[in-house]
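Hi everyone, thanks for coming. Let's take a look at this one together, starting with its sheet.

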Amino acid sequence: MDGNVRLDLDFVRAQFPAFRHPSTGPWAFLENAGGSYVPAAVMDRLNRFLVATKVQPYGDFPAAVEAGETMDAGRARIAALINAHPEEVVIGASTTMNVYVLAQALRPTLRPGDEIIVTNQDHEANIGAWRRLAEAGAVIREWCIDPVTGLLDRADLEGLLSQRTRLCCVTHCSNIVAAINDIPAIAAAVHAAGGLVMVDGVSYAPHGFPDVRALDADFYAFSLYKTYGPHLGLLYVRQDHLALLANQNHGFLPAGTALALNPGGENHEETAALQGIADYLDALHAHHLTAPEPDPRRRGAAVFALFAAQEEALATRLVDYLRDRPEVRLIGPRSGARSVRAPTIAFTVAGRRSHDIVRALLPHQVAIRSGNFYAWRCVEALGLGREDGVVRASMVHYNTLAEVDRLIAGLERTLERR
Ligand SMILES: Cc1ncc(COP(=O)(O)O)c(C=O)c1O
(Lines give C-alpha, C1' and ligand atoms only; values in the text may rest on other atoms or scores of the structure.)
Protein backbone atom coordinates (compact mmCIF):
# COMPACT_ATOMS: atom_id res chain seq x y z
CA MET A 1 0.00 0.00 0.00
CA ASP A 2 1.12 3.61 -0.58
CA GLY A 3 3.11 4.56 2.51
CA ASN A 4 1.69 7.07 5.00
CA VAL A 5 -1.68 7.34 3.28
CA ARG A 6 -4.34 8.48 5.71
CA LEU A 7 -8.06 8.43 5.35
CA ASP A 8 -9.28 11.63 3.69
CA LEU A 9 -12.21 12.34 5.99
CA ASP A 10 -13.59 15.17 3.86
CA PHE A 11 -13.82 12.77 0.94
CA VAL A 12 -15.24 10.00 3.13
CA ARG A 13 -17.92 12.18 4.73
CA ALA A 14 -18.88 13.66 1.36
CA GLN A 15 -20.10 10.15 0.40
CA PHE A 16 -22.71 10.15 3.20
CA PRO A 17 -25.78 12.39 2.69
CA ALA A 18 -26.56 12.08 6.43
CA PHE A 19 -23.71 14.46 7.22
CA ARG A 20 -25.46 17.16 5.17
CA HIS A 21 -29.02 16.51 6.32
CA PRO A 22 -30.45 18.98 8.86
CA SER A 23 -31.74 16.22 11.16
CA THR A 24 -28.44 14.33 11.36
CA GLY A 25 -25.74 16.68 10.10
CA PRO A 26 -25.24 18.78 13.25
CA TRP A 27 -24.88 15.76 15.53
CA ALA A 28 -21.76 13.91 16.59
CA PHE A 29 -23.15 10.49 15.71
CA LEU A 30 -21.39 8.00 17.97
CA GLU A 31 -24.04 5.26 17.97
CA ASN A 32 -22.76 3.37 14.97
CA ALA A 33 -22.89 -0.02 16.69
CA GLY A 34 -26.67 0.37 16.49
CA GLY A 35 -26.50 0.92 12.72
CA SER A 36 -24.24 2.95 10.47
CA TYR A 37 -25.00 5.75 8.04
CA VAL A 38 -25.36 4.80 4.38
CA PRO A 39 -23.28 6.17 1.50
CA ALA A 40 -24.94 7.63 -1.60
CA ALA A 41 -23.64 4.68 -3.61
CA VAL A 42 -26.01 2.35 -1.72
CA MET A 43 -28.93 4.76 -2.13
CA ASP A 44 -28.24 5.05 -5.86
CA ARG A 45 -28.31 1.27 -6.28
CA LEU A 46 -31.52 1.02 -4.24
CA ASN A 47 -33.13 3.81 -6.22
CA ARG A 48 -32.10 2.35 -9.55
CA PHE A 49 -33.64 -1.00 -8.61
CA LEU A 50 -36.90 0.57 -7.44
CA VAL A 51 -37.24 2.85 -10.47
CA ALA A 52 -36.05 0.60 -13.27
CA THR A 53 -36.23 -3.05 -12.19
CA LYS A 54 -38.93 -3.41 -9.55
CA VAL A 55 -40.34 -6.58 -11.07
CA GLN A 56 -40.09 -10.27 -10.25
CA PRO A 57 -36.40 -11.01 -11.00
CA TYR A 58 -34.96 -13.72 -13.23
CA GLY A 59 -37.60 -13.37 -15.97
CA ASP A 60 -37.02 -12.96 -19.70
CA PHE A 61 -37.89 -9.29 -20.29
CA PRO A 62 -35.13 -6.73 -19.79
CA ALA A 63 -36.20 -5.32 -16.40
CA ALA A 64 -36.55 -8.83 -14.96
CA VAL A 65 -33.16 -9.83 -16.33
CA GLU A 66 -31.48 -6.77 -14.86
CA ALA A 67 -33.24 -7.26 -11.51
CA GLY A 68 -31.84 -10.78 -11.19
CA GLU A 69 -28.41 -9.75 -12.39
CA THR A 70 -28.10 -6.91 -9.91
CA MET A 71 -29.27 -9.10 -7.02
CA ASP A 72 -26.70 -11.74 -7.96
CA ALA A 73 -24.05 -9.05 -8.23
CA GLY A 74 -24.97 -7.66 -4.79
CA ARG A 75 -24.54 -11.07 -3.18
CA ALA A 76 -21.41 -11.91 -5.19
CA ARG A 77 -19.59 -8.67 -4.48
CA ILE A 78 -20.12 -8.94 -0.72
CA ALA A 79 -19.18 -12.63 -0.83
CA ALA A 80 -15.92 -11.70 -2.56
CA LEU A 81 -15.14 -9.17 0.16
CA ILE A 82 -15.37 -11.84 2.88
CA ASN A 83 -13.59 -14.51 0.80
CA ALA A 84 -16.70 -16.64 0.46
CA HIS A 85 -18.41 -18.19 -2.55
CA PRO A 86 -21.76 -16.52 -3.38
CA GLU A 87 -23.50 -19.84 -2.79
CA GLU A 88 -22.20 -19.87 0.78
CA VAL A 89 -23.97 -16.60 1.57
CA VAL A 90 -27.51 -16.16 2.88
CA ILE A 91 -28.91 -12.63 2.75
CA GLY A 92 -31.66 -12.58 5.37
CA ALA A 93 -33.65 -9.98 7.26
CA SER A 94 -31.22 -9.64 10.17
CA THR A 95 -28.58 -11.51 12.11
CA THR A 96 -31.14 -12.53 14.74
CA MET A 97 -33.30 -14.05 12.01
CA ASN A 98 -30.38 -15.74 10.26
CA VAL A 99 -29.10 -17.34 13.47
CA TYR A 100 -32.60 -18.49 14.41
CA VAL A 101 -33.09 -20.13 11.03
CA LEU A 102 -29.64 -21.73 11.18
CA ALA A 103 -30.44 -23.18 14.61
CA GLN A 104 -33.69 -24.63 13.27
CA ALA A 105 -31.82 -26.09 10.31
CA LEU A 106 -29.34 -27.82 12.64
CA ARG A 107 -32.01 -29.03 15.03
CA PRO A 108 -32.87 -32.31 13.22
CA THR A 109 -29.18 -33.24 13.16
CA LEU A 110 -28.84 -33.19 16.97
CA ARG A 111 -28.78 -36.29 19.11
CA PRO A 112 -29.74 -36.17 22.78
CA GLY A 113 -26.69 -35.26 24.82
CA ASP A 114 -24.98 -33.31 22.03
CA GLU A 115 -23.35 -30.27 23.56
CA ILE A 116 -23.59 -26.66 22.42
CA ILE A 117 -21.33 -24.04 23.97
CA VAL A 118 -22.62 -20.48 24.22
CA THR A 119 -20.97 -17.53 25.96
CA ASN A 120 -22.38 -14.88 28.23
CA GLN A 121 -20.37 -12.24 26.36
CA ASP A 122 -22.54 -12.47 23.23
CA HIS A 123 -25.58 -10.51 22.09
CA GLU A 124 -28.70 -12.60 22.68
CA ALA A 125 -28.91 -13.23 18.92
CA ASN A 126 -26.09 -15.79 19.21
CA ILE A 127 -27.33 -17.29 22.48
CA GLY A 128 -31.12 -17.56 22.65
CA ALA A 129 -31.64 -19.50 19.42
CA TRP A 130 -29.03 -22.04 20.56
CA ARG A 131 -30.32 -22.33 24.09
CA ARG A 132 -33.73 -23.23 22.69
CA LEU A 133 -32.18 -26.36 21.21
CA ALA A 134 -32.22 -27.79 24.75
CA GLU A 135 -35.84 -28.60 23.82
CA ALA A 136 -34.39 -30.97 21.20
CA GLY A 137 -32.17 -32.67 23.79
CA ALA A 138 -29.02 -30.55 23.38
CA VAL A 139 -26.97 -29.88 26.50
CA ILE A 140 -26.09 -26.19 26.76
CA ARG A 141 -22.74 -25.32 28.29
CA GLU A 142 -21.81 -21.72 29.11
CA TRP A 143 -18.41 -20.14 28.52
CA CYS A 144 -18.37 -17.30 31.04
CA ILE A 145 -16.51 -14.00 31.01
CA ASP A 146 -14.27 -12.74 33.79
CA PRO A 147 -16.67 -10.53 35.79
CA VAL A 148 -14.07 -7.77 36.16
CA THR A 149 -12.43 -7.60 32.73
CA GLY A 150 -15.35 -8.91 30.69
CA LEU A 151 -12.93 -11.11 28.74
CA LEU A 152 -13.30 -14.75 27.72
CA ASP A 153 -10.41 -17.02 28.69
CA ARG A 154 -9.55 -19.75 26.18
CA ALA A 155 -8.42 -22.03 29.01
CA ASP A 156 -12.05 -22.08 30.19
CA LEU A 157 -13.15 -23.15 26.72
CA GLU A 158 -10.76 -26.10 26.85
CA GLY A 159 -12.52 -27.23 30.03
CA LEU A 160 -15.92 -27.12 28.28
CA LEU A 161 -14.96 -29.02 25.13
CA SER A 162 -15.68 -32.74 24.98
CA GLN A 163 -16.33 -35.51 22.49
CA ARG A 164 -19.98 -34.45 22.59
CA THR A 165 -19.31 -30.85 21.53
CA ARG A 166 -21.26 -30.16 18.35
CA LEU A 167 -21.03 -26.39 18.23
CA CYS A 168 -19.38 -23.42 19.92
CA CYS A 169 -21.19 -20.08 19.42
CA VAL A 170 -19.02 -17.08 20.12
CA THR A 171 -18.76 -13.45 19.20
CA HIS A 172 -15.86 -12.10 17.16
CA CYS A 173 -16.17 -8.93 19.19
CA SER A 174 -18.78 -8.16 21.85
CA ASN A 175 -21.01 -5.10 21.40
CA ILE A 176 -20.23 -4.16 25.03
CA VAL A 177 -16.74 -5.47 25.88
CA ALA A 178 -15.39 -4.85 22.34
CA ALA A 179 -12.34 -7.09 22.81
CA ILE A 180 -11.49 -8.96 19.62
CA ASN A 181 -11.67 -12.68 20.30
CA ASP A 182 -9.05 -14.90 18.67
CA ILE A 183 -11.38 -16.79 16.35
CA PRO A 184 -8.70 -18.88 14.54
CA ALA A 185 -7.45 -20.18 17.90
CA ILE A 186 -10.99 -20.85 19.13
CA ALA A 187 -11.86 -22.59 15.86
CA ALA A 188 -8.73 -24.74 16.11
CA ALA A 189 -9.65 -25.88 19.63
CA VAL A 190 -13.29 -26.58 18.76
CA HIS A 191 -12.42 -28.37 15.52
CA ALA A 192 -9.88 -30.52 17.37
CA ALA A 193 -12.73 -31.65 19.63
CA GLY A 194 -14.86 -32.43 16.56
CA GLY A 195 -17.24 -29.45 16.83
CA LEU A 196 -18.17 -26.53 14.60
CA VAL A 197 -17.86 -22.79 15.24
CA MET A 198 -20.58 -20.20 14.81
CA VAL A 199 -19.24 -16.65 14.96
CA ASP A 200 -21.25 -13.47 15.52
CA GLY A 201 -19.32 -10.84 13.58
CA VAL A 202 -21.87 -8.03 13.94
CA SER A 203 -19.64 -5.80 16.06
CA TYR A 204 -16.51 -6.67 14.14
CA ALA A 205 -17.49 -6.36 10.46
CA PRO A 206 -18.13 -2.57 10.36
CA HIS A 207 -14.44 -2.11 11.08
CA GLY A 208 -13.21 -4.47 8.36
CA PHE A 209 -14.95 -7.37 6.66
CA PRO A 210 -13.67 -10.73 7.88
CA ASP A 211 -11.83 -13.25 5.77
CA VAL A 212 -14.02 -16.19 6.72
CA ARG A 213 -11.55 -18.73 5.39
CA ALA A 214 -8.61 -17.31 7.32
CA LEU A 215 -10.77 -17.34 10.46
CA ASP A 216 -11.73 -20.97 9.74
CA ALA A 217 -15.30 -20.26 10.84
CA ASP A 218 -17.99 -22.77 9.94
CA PHE A 219 -20.74 -20.17 10.21
CA TYR A 220 -20.28 -16.40 10.40
CA ALA A 221 -23.04 -13.80 10.70
CA PHE A 222 -23.09 -10.02 10.52
CA SER A 223 -25.59 -7.23 9.96
CA LEU A 224 -25.25 -5.35 6.69
CA TYR A 225 -27.09 -2.34 8.10
CA LYS A 226 -24.10 -1.82 10.38
CA THR A 227 -21.64 -2.11 7.50
CA TYR A 228 -22.98 0.87 5.52
CA GLY A 229 -25.73 -1.10 3.76
CA PRO A 230 -29.51 -1.51 3.95
CA HIS A 231 -31.30 -3.35 6.79
CA LEU A 232 -30.20 -6.92 6.07
CA GLY A 233 -28.15 -9.64 7.72
CA LEU A 234 -25.57 -11.88 6.10
CA LEU A 235 -24.94 -15.48 7.09
CA TYR A 236 -21.93 -17.35 5.74
CA VAL A 237 -22.22 -21.14 5.78
CA ARG A 238 -19.17 -23.12 4.74
CA GLN A 239 -20.01 -25.05 1.60
CA ASP A 240 -19.36 -28.50 3.17
CA HIS A 241 -22.02 -27.83 5.82
CA LEU A 242 -24.85 -26.82 3.50
CA ALA A 243 -25.81 -30.43 2.85
CA LEU A 244 -26.06 -31.03 6.61
CA LEU A 245 -28.77 -28.44 7.12
CA ALA A 246 -32.50 -29.10 6.90
CA ASN A 247 -34.49 -27.05 4.37
CA GLN A 248 -36.22 -24.08 6.04
CA ASN A 249 -37.78 -22.76 2.83
CA HIS A 250 -40.61 -24.21 0.70
CA GLY A 251 -40.30 -27.99 0.76
CA PHE A 252 -40.07 -28.32 -3.00
CA LEU A 253 -37.03 -26.04 -3.25
CA PRO A 254 -33.61 -27.73 -3.25
CA ALA A 255 -32.16 -28.52 0.18
CA GLY A 256 -28.43 -28.06 0.74
CA THR A 257 -28.43 -24.54 -0.69
CA ALA A 258 -28.31 -21.04 0.76
CA LEU A 259 -31.86 -20.56 -0.57
CA ALA A 260 -33.03 -23.37 1.72
CA LEU A 261 -31.81 -21.31 4.69
CA ASN A 262 -33.83 -18.26 3.71
CA PRO A 263 -37.56 -18.80 4.25
CA GLY A 264 -39.36 -16.64 1.72
CA GLY A 265 -36.17 -15.56 -0.05
CA GLU A 266 -34.29 -12.30 0.09
CA ASN A 267 -35.33 -8.65 -0.09
CA HIS A 268 -34.81 -7.91 -3.77
CA GLU A 269 -34.03 -4.21 -3.84
CA GLU A 270 -31.84 -4.30 -0.75
CA THR A 271 -29.86 -7.29 -2.00
CA ALA A 272 -29.22 -5.40 -5.24
CA ALA A 273 -28.24 -2.31 -3.23
CA LEU A 274 -25.46 -4.28 -1.51
CA GLN A 275 -23.40 -3.49 -4.57
CA GLY A 276 -23.29 0.05 -3.24
CA ILE A 277 -21.16 -1.08 -0.29
CA ALA A 278 -18.60 -2.49 -2.71
CA ASP A 279 -18.90 0.65 -4.88
CA TYR A 280 -18.16 2.77 -1.81
CA LEU A 281 -15.09 0.75 -0.85
CA ASP A 282 -13.88 0.87 -4.45
CA ALA A 283 -14.31 4.65 -4.57
CA LEU A 284 -12.23 4.93 -1.39
CA HIS A 285 -9.57 2.70 -2.88
CA ALA A 286 -9.40 4.74 -6.08
CA HIS A 287 -9.22 7.98 -4.11
CA HIS A 288 -6.50 6.94 -1.67
CA LEU A 289 -4.31 4.43 -3.46
CA THR A 290 -2.48 5.00 -6.68
CA ALA A 291 -1.82 1.41 -7.77
CA PRO A 292 -4.91 -0.25 -9.26
CA GLU A 293 -5.77 -3.55 -7.54
CA PRO A 294 -7.75 -6.05 -9.61
CA ASP A 295 -8.73 -8.27 -6.67
CA PRO A 296 -11.81 -6.82 -4.87
CA ARG A 297 -10.90 -8.48 -1.57
CA ARG A 298 -7.43 -6.94 -1.63
CA ARG A 299 -8.96 -3.57 -2.51
CA GLY A 300 -11.26 -3.95 0.47
CA ALA A 301 -8.41 -5.00 2.77
CA ALA A 302 -6.38 -1.94 1.77
CA VAL A 303 -9.31 0.33 2.57
CA PHE A 304 -9.98 -1.45 5.88
CA ALA A 305 -6.35 -0.83 6.86
CA LEU A 306 -7.05 2.90 6.44
CA PHE A 307 -10.20 2.52 8.56
CA ALA A 308 -8.18 0.78 11.27
CA ALA A 309 -5.70 3.64 11.62
CA GLN A 310 -8.48 6.22 11.90
CA GLU A 311 -10.52 4.12 14.31
CA GLU A 312 -7.52 3.46 16.51
CA ALA A 313 -6.92 7.20 16.85
CA LEU A 314 -10.57 7.76 17.82
CA ALA A 315 -10.69 4.89 20.31
CA THR A 316 -7.37 5.85 21.88
CA ARG A 317 -8.57 9.41 22.48
CA LEU A 318 -11.69 8.25 24.30
CA VAL A 319 -10.18 5.28 26.14
CA ASP A 320 -7.31 7.41 27.44
CA TYR A 321 -9.78 9.99 28.74
CA LEU A 322 -12.10 7.48 30.43
CA ARG A 323 -9.26 5.40 31.87
CA ASP A 324 -8.03 8.37 33.88
CA ARG A 325 -11.38 9.28 35.48
CA PRO A 326 -11.62 7.67 38.92
CA GLU A 327 -15.44 7.58 38.90
CA VAL A 328 -15.57 5.84 35.50
CA ARG A 329 -15.53 2.09 35.00
CA LEU A 330 -14.31 1.41 31.48
CA ILE A 331 -15.53 -1.94 30.17
CA GLY A 332 -13.14 -4.13 28.17
CA PRO A 333 -9.56 -3.48 27.03
CA ARG A 334 -7.90 -0.41 28.55
CA SER A 335 -6.26 0.41 25.23
CA GLY A 336 -7.61 1.83 21.99
CA ALA A 337 -5.30 -0.37 19.90
CA ARG A 338 -7.17 -1.81 16.96
CA SER A 339 -5.41 -5.15 17.45
CA VAL A 340 -7.21 -5.67 20.77
CA ARG A 341 -10.52 -3.83 20.54
CA ALA A 342 -13.11 -2.28 18.28
CA PRO A 343 -13.84 1.44 18.77
CA THR A 344 -17.02 0.54 20.67
CA ILE A 345 -16.51 1.94 24.13
CA ALA A 346 -18.80 1.13 27.03
CA PHE A 347 -18.53 2.52 30.54
CA THR A 348 -20.43 3.31 33.70
CA VAL A 349 -20.11 6.22 36.09
CA ALA A 350 -20.23 5.60 39.84
CA GLY A 351 -23.43 6.89 41.39
CA ARG A 352 -24.96 7.96 38.07
CA ARG A 353 -27.56 6.27 35.90
CA SER A 354 -26.23 5.50 32.45
CA HIS A 355 -29.36 6.88 30.85
CA ASP A 356 -28.91 10.19 32.68
CA ILE A 357 -25.41 10.53 31.19
CA VAL A 358 -26.81 9.96 27.71
CA ARG A 359 -29.53 12.56 28.24
CA ALA A 360 -27.09 15.09 29.66
CA LEU A 361 -25.12 14.89 26.41
CA LEU A 362 -28.09 15.83 24.22
CA PRO A 363 -27.54 19.63 24.53
CA HIS A 364 -24.01 18.99 23.20
CA GLN A 365 -25.56 17.28 20.15
CA VAL A 366 -23.82 14.03 20.94
CA ALA A 367 -25.83 10.99 19.87
CA ILE A 368 -25.05 7.94 21.99
CA ARG A 369 -27.15 5.41 23.91
CA SER A 370 -27.24 3.39 27.09
CA GLY A 371 -28.68 0.06 28.15
CA ASN A 372 -27.80 -3.60 27.75
CA PHE A 373 -27.97 -3.60 23.94
CA TYR A 374 -29.50 -7.11 24.15
CA ALA A 375 -26.23 -8.38 25.66
CA TRP A 376 -28.02 -8.55 29.00
CA ARG A 377 -26.17 -11.65 30.17
CA CYS A 378 -22.87 -9.83 29.66
CA VAL A 379 -24.12 -6.75 31.50
CA GLU A 380 -25.33 -8.85 34.42
CA ALA A 381 -22.12 -10.89 34.53
CA LEU A 382 -20.20 -7.60 34.81
CA GLY A 383 -22.26 -6.91 37.96
CA LEU A 384 -24.30 -4.13 36.34
CA GLY A 385 -28.04 -3.51 36.37
CA ARG A 386 -29.72 -5.24 33.45
CA GLU A 387 -31.85 -2.30 32.36
CA ASP A 388 -29.61 0.72 32.94
CA GLY A 389 -26.56 -1.20 31.71
CA VAL A 390 -23.74 0.87 30.27
CA VAL A 391 -23.18 4.13 28.42
CA ARG A 392 -21.87 3.23 24.96
CA ALA A 393 -20.10 5.36 22.36
CA SER A 394 -19.33 3.53 19.14
CA MET A 395 -17.28 4.99 16.34
CA VAL A 396 -16.50 3.95 12.79
CA HIS A 397 -14.02 5.25 10.23
CA TYR A 398 -16.07 8.30 9.24
CA ASN A 399 -16.05 9.77 12.72
CA THR A 400 -13.65 12.58 13.55
CA LEU A 401 -11.46 13.40 16.50
CA ALA A 402 -13.48 16.62 16.80
CA GLU A 403 -16.62 14.53 17.40
CA VAL A 404 -14.88 12.48 20.08
CA ASP A 405 -13.64 15.70 21.64
CA ARG A 406 -17.20 17.00 21.69
CA LEU A 407 -18.23 13.87 23.59
CA ILE A 408 -15.33 14.33 26.01
CA ALA A 409 -16.16 18.01 26.58
CA GLY A 410 -19.80 17.07 27.22
CA LEU A 411 -18.72 14.35 29.64
CA GLU A 412 -16.44 16.79 31.49
CA ARG A 413 -19.39 19.11 32.09
CA THR A 414 -21.71 16.25 32.99
CA LEU A 415 -19.32 14.58 35.42
CA GLU A 416 -18.60 17.91 37.15
CA ARG A 417 -22.33 18.39 37.82
CA ARG A 418 -22.82 15.86 40.58
C1 LIG B 1 -23.06 -8.13 18.54
C2 LIG B 1 -24.44 -8.19 17.95
N3 LIG B 1 -24.90 -9.37 17.54
C4 LIG B 1 -26.12 -9.50 17.00
C5 LIG B 1 -26.93 -8.39 16.84
C6 LIG B 1 -28.30 -8.60 16.22
O7 LIG B 1 -28.29 -8.11 14.92
P8 LIG B 1 -29.64 -7.87 14.13
O9 LIG B 1 -30.18 -6.56 14.58
O10 LIG B 1 -29.22 -7.85 12.68
O11 LIG B 1 -30.54 -8.99 14.42
C12 LIG B 1 -26.51 -7.15 17.25
C13 LIG B 1 -27.38 -5.98 17.11
O14 LIG B 1 -27.17 -4.93 17.65
C15 LIG B 1 -25.22 -7.04 17.83
O16 LIG B 1 -24.74 -5.87 18.25
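**The sheet and its neighbours**

Seven strands build an open sheet of mixed pairing, in the order β2-β8-β7-β6-β5-β3-β4. Strands here are DSSP runs of E, at least two residues long, and helices are runs of H or I of at least four, numbered from the N terminus; two strands pair if DSSP finds at least two bridges between them. At the edges stand β2 (89–92) and β4 (139–143), each with a single partner strand, so one side of each has no neighbour in the sheet. From one strand to the next, the twist averages 15°.

This is a predicted model: local features need pLDDT of at least 70, side-chain atom pairs count only at pLDDT 80 or more, and totals for chains, interfaces and linings use all residues. Residues are numbered from 1 along each chain as its sequence is written, and side-chain values use heavy atoms, leaving out hydrogens and water.

Now zoom in on one pair. β7 (residues 219–223) and β8 (residues 233–237) run antiparallel, paired over five bridges. Within that pair, A221 sits opposite L235 of β8.

Next, is T400 buried or exposed? T400 is buried, because its relative accessible area is 15%; buried means under 20%, exposed over 50%, and partly exposed in between, with a 1.4 Å probe and protein chains only. You'll find T400 in the loop between β13 (390–394) and α15 (401–416). Beyond its neighbours within four places in sequence, T400 is in contact (heavy atoms within 4.5 Å) with L9, R13, Q310 and L314.

Technical notes
Axes fitted to C-alpha atoms, helices over the stretch in contact; angles between N-to-C directions.
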